[in-house]
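I opened my notebook to go through this one piece by piece.

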Amino acid sequence: MIDDVPLPDEAQGAPEAAGGVPSVDLRINRRERAAEAPSLGWRAVARNLGFKVKQGPAELAAAELGSARSLIRLSRWQRSVGILVANPKGGVGKTPLSLAIGGCFATTRGGGTVVVEVADDPGALSVRSEGRANVGVAELLRDLDQIRGAGHLAGYVSQQTSYASVIGTVGDREPLSGEDVKRITSKIDEFFPVRVMDTGNQPSSSAFHGALDVTDVLVIPVLDALDALQGAMQLLRHLHQGGGHAAHLARNAIVVRTHDGRPEDAEVSAYADELIEKAGIRAVYHLPMDHHIAERTTLVYGQLAPATKDAITRLTAGVVEQLNTELRKAQ
């Protein structure tokens, strides 16, 4: 029997009214024209002959992805936006997911995205990213007051083939504080409209709370495993107890259920469904097994399997739609 993991009353409450809830509806702004579905196979032939034929599953999926890409590409904000990828349990895929979301943003929008390490202690972001910069987060923090332009800042990033930029840790460094995180993100926000933050495993740390303060959308990766689920619920309880902006992020968190090829127990998967529903999470995405991610080596966005990139595109569109909702409410 699997023990239940209780959540605060607020997390178990009824869903919020429509408008404050992250949606997986991938419609774009009515002023923009949605991408047209391609004509595929015999349906295209039939249409060309004048027959009325409904779109098939492949055409509907292509139309959905086209709309998702349009939403990602065309959305604009009046300030830089921050996405935080977090789960106190290690090994759930925070770093590859951060790189994948950043890669999708940058590939679709033609750059303008930075993935930055905001963990209190050094993480694996620089190891998993392409290229090897000579400097990173610690050196940027040291030289922050001297950064005067994009060209200067470029010396502190690893450029990815996806057009994303990465700022990780090179060698050893002192733990980051919350104030350090806020100073770093404030500077890079001068040059990047989209910031994806890769966190560590200590939600009580100063660095984590500094990252929360500059976050618009929280993304929580989980596996169908008890320890990963416990970490996610732990995080949500911690945020609800913090109240204010932290609790708002928890109520509107996006959960990504990653599948890494390890056996998944049906009872645990059902329990995951139950926990996520109890937590009031309504935006849930699945990331399929991908051998390139499972290699645990340098992650190249272009080498992800097509199904993985499609899943990341849908997830990123969901993040964008929530960003649009959050920033509209703030106006």
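**Ground rules.** I am working with a predicted model, where local features need pLDDT of at least 70, side-chain atom pairs count only at pLDDT 80 or more, and totals for chains, interfaces and linings use all residues. Residues are numbered from 1 along each chain as its sequence is written, and side-chain values use heavy atoms, with hydrogens and water left out.

**Whole chain.** I looked up the secondary structure and found 14 helices and eight strands. Helices here are DSSP runs of H or I with at least four residues, strands are runs of E with at least two, and both are numbered from the N terminus. Of the 331 residues, 53% count as buried (under 20% relative accessible area; exposed is over 50%, partly exposed in between, with a 1.4 Å probe and protein chains only). Next I turned to contacts (heavy atoms within 4.5 Å). Among those with a separation of 6 or more, 80% join residues 24 or more positions apart.

**Helix 8.** Which residues of helix 8 are buried? I noted G178, D180, V181, I184, T185, K187 and I188. Their cover includes strand 2 (113-117), helix 6 (137-143), helix 7 (150-153), strand 4, strand 5 (194-198) and helix 9.

**Helix 8 against helix 9.** A packed pair of helices is described by the angle between the axes and the distance between them. The axes of helix 8 (residues 178-188) and helix 9 (residues 206-213) come within 6 Å and cross at roughly 40 degrees. Axes are lines fitted to C-alpha atoms, for helices over the stretch in contact, and angles run from 0 to 180 degrees between N-to-C directions. Helix 8 brings G178, V181 and K182 to the contact, and helix 9 brings S206, A207, G210, A211 and D213. I sorted these residues into three nonpolar, three polar and two charged. In this scheme Ala, Val, Leu, Ile, Met, Phe, Trp, Tyr, Cys and Pro are nonpolar, Asp, Glu, Lys and Arg are charged, and the others, Gly among them, are polar.

**Helix 11.** In helix 11 (residues 244-251), A246, A247, H248, L249 and A250 are buried. These buried residues pack against helix 9, strand 6 (217-222), helix 10 (226-242) and helix 14 (306-330).

**Two positive phi values.** Y163 is not a glycine, yet its phi is near 85 degrees. I found Y163 in the loop between strand 3 (158-159) and strand 4 (165-167), exposed at 54% relative accessible area. R296 has a positive phi of about 55 degrees. R296 sits in the loop between helix 13 (291-294) and helix 14, exposed at 57%.

**Cavities.** How many cavities of 30 Å³ or more are there? I counted three. A cavity is a set of points on a 1 Å grid over the protein atoms alone where a 1.4 Å probe fits but cannot get out, and lining residues have an atom within 4 Å of a point. Points are joined across faces, edges and corners, and a volume is the space filled by probe spheres set on them.

- The largest holds about 70 Å³, and its lining has six nonpolar, three polar and one charged residues, including E130 and Y301.

Note on methods
On a 1 Å grid over the protein atoms alone, a cavity is a set of points where a 1.4 Å probe fits but cannot get out, and a pocket is an open set with protein on both sides within 12 Å along at least five of seven lines; lining residues have an atom within 4 Å of a point.
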